[in-house]
Structure formats: structure tokens, C-alpha cells
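Visitor: I would like to learn how to read a protein model. Could you take me through it step by step?

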Amino acid sequence: MGEEIKVIVFKLGEEEYGVEVEKVQSIERMVPITRVPRTFDFVKGVFNMRGVVIPVIDLRGRFGLPEAEYTDQTRIIIVAVGEMQVGFIVDSANDVIDLNTDNIETPPEVIGGVKAKYLRGVAKIGEERLLIMLNLSEVLNRSEMNQLEGLED
């Protein structure tokens, strides 16, 4: 029997993604972001949240999805990746659900244009709904993490 986990649901385009609540530190409205030169294209820059400089990544760019205009629904999900806080820009984040880990299946090689290495799995919710679970440790690799850690200084 799998365990129940709480998951924050967010959207990129038409696809729904999930990340475990315990990895999320906060969900913020879009804020002005300071660009940082010579970083990866998907790194939008940094912002100051309560005295902490947080690198911000556009998940659409990270996953190779087309860019979209930011709207009133756009959110920055602040997550802990290792020892670091990182903000992920998503189209919207407005749901928390309970999910049984038994309902998470191994992801196919590519789903919604996103490579399987970024994914923990795909969860079935009811009859119609699929939730793509992120593998946060893969969304940023070690060299990318090292570069982002340099942005905090």
C-alpha cells in the first residue's frame, strides 16, 4: 500500500504538473526579476524575497516549451533543491491534492514535450486527469546548480 502525499498542482500550457508540498516553500505572484548576464536561457534572473536572493527559472524554457506571456495567474513556486531555494515560473498554481504514491507510474520517454529525466512519474487522478510529477533533483543538474549558487552571492 502506497503512502498519501500532498501535492501542489500547477499548469504549463494545457498540462498539469505536481510537486510535493514539503518541497515547496511558498508560492508568490509574479514580481520584477533582475536579469543576470551569462546564464542559461531558461534562467530569468534573481529576485529578493525577504532578504534572500532567489534565482528564478522559467519552467517552460527549461522544458523547451514555447514561451507565454505572464498573466495575473502566473506564479513563482519557491522550492528547495538541495540546500538552495529556486523559483520556478509557472502559468498557474491553484490546487493542492492528496495523492497515493501507488497511483504514480513510470513516465514515458517524453510527455507533453518534456523529457522523462525531469519527471518522477505520471499520476492518474480519477478517470480523466493525469498529473505529471516533477523530479526536482533532475530539473537542475549539478553544474547548473553551481552556476545558480554563484548568483546568490
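Visitor: Where does Arg50 lie?

Guide: Arg50 lies in the loop between strand 4 and strand 5. Strands here are DSSP runs of E with at least two residues, and helices are runs of H or I with at least four, numbered from the N terminus. This is a predicted model, where local features need pLDDT of at least 70, side-chain atom pairs count only at pLDDT 80 or more, and totals for chains, interfaces and linings use all residues. Residues are numbered from 1 along each chain as its sequence is written, and side-chain values use heavy atoms, with hydrogens and water left out.

Visitor: Is Arg50 buried or exposed?

Guide: Start with the cut-offs. Buried means under 20% relative accessible area, exposed means over 50%, and partly exposed is in between, with a 1.4 Å probe and protein chains only. Arg50 has 66% relative accessibility, so Arg50 counts as exposed.

Visitor: What should I look for in phi?

Guide: Most residues other than glycine have a negative phi. Arg50 has a positive value, near 50 degrees. Arg38 also has a positive phi, about 55 degrees, although Arg38 is not a glycine. Arg38 sits in the loop between strand 3 and strand 4. With 78% relative accessibility, Arg38 counts as exposed.

Visitor: With which residue does Arg50 form a salt bridge?

Guide: First, the rule. A salt bridge is a side-chain nitrogen of Lys or Arg within 4 Å of a carboxyl oxygen of Asp or Glu. Arg50 forms one with Glu28, and their closest N and O atoms are 3.5 Å apart. Glu28 is in strand 3 and Arg50 is in a loop, so the pair ties together parts that are 22 residues apart in sequence.

Visitor: How many salt bridges does a search of the whole structure find?

Guide: The search finds nine. One of them joins the side chains of Glu20 and Arg120, at 2.0 Å from N to O. This pair links distant parts of the chain: Glu20 is in strand 2 (residues 15-20), Arg120 is in strand 12 (residues 119-125), and they are 100 residues apart. Glu20 counts as buried at 4% relative accessibility, whereas Arg120 counts as partly exposed at 35%.

Visitor: Which residues are linked in a network of salt bridges?

Guide: Glu16, Asp95 and Arg129 are. Look at Arg129 and Asp95, whose side chains meet at 3.1 Å, N to O. Arg129 is in strand 13 (residues 129-134) and Asp95 is in strand 8 (residues 92-100), 34 residues apart. Arg129 is partly exposed at 27%. Asp95 is partly exposed, with a relative accessible area of 27%.

Visitor: Now the sheets. How do I read them?

Guide: Strands of a sheet pair through backbone hydrogen bonds, either parallel or antiparallel. Here, two strands pair if DSSP finds at least two bridges between them.

Visitor: How many bridges join strand 3 to strand 6?

Guide: Five bridges join them, and the two strands run antiparallel. Ile27 stands opposite Ile77 in strand 6.

Visitor: What is the order of the six strands in the other open sheet?

Guide: The order is 8-1-2-13-12-9, and the pairing is mixed. Strand 8 and strand 9 (104-105) each have a single partner strand, so one side of each is left without a neighbour in the sheet. Strand 12 and strand 13 pair in the antiparallel sense over six bridges. Gly121 has Met133 in strand 13 as its bridge partner.

Visitor: How is empty space found?

Guide: Rolling a probe the size of a water molecule over the atoms shows where empty space is left. On a 1 Å grid over the protein atoms alone, a cavity is a set of points where a 1.4 Å probe fits but cannot get out, and lining residues have an atom within 4 Å of a point. Grid points are joined across faces, edges and corners, and a volume is the space filled by probe spheres set on the points. The structure holds two cavities of 30 Å³ or more.

Visitor: Which residues line the second largest cavity?

Guide: The lining is Phe10, Val19, Leu59, Ile77, Val79, Phe88, Leu134 and Leu136. The volume of this second largest cavity is about 30 Å³.

Methods: On a 1 Å grid over the protein atoms alone, a cavity is a set of points where a 1.4 Å probe fits but cannot get out, and a pocket is an open set with protein on both sides within 12 Å along at least five of seven lines; lining residues have an atom within 4 Å of a point.
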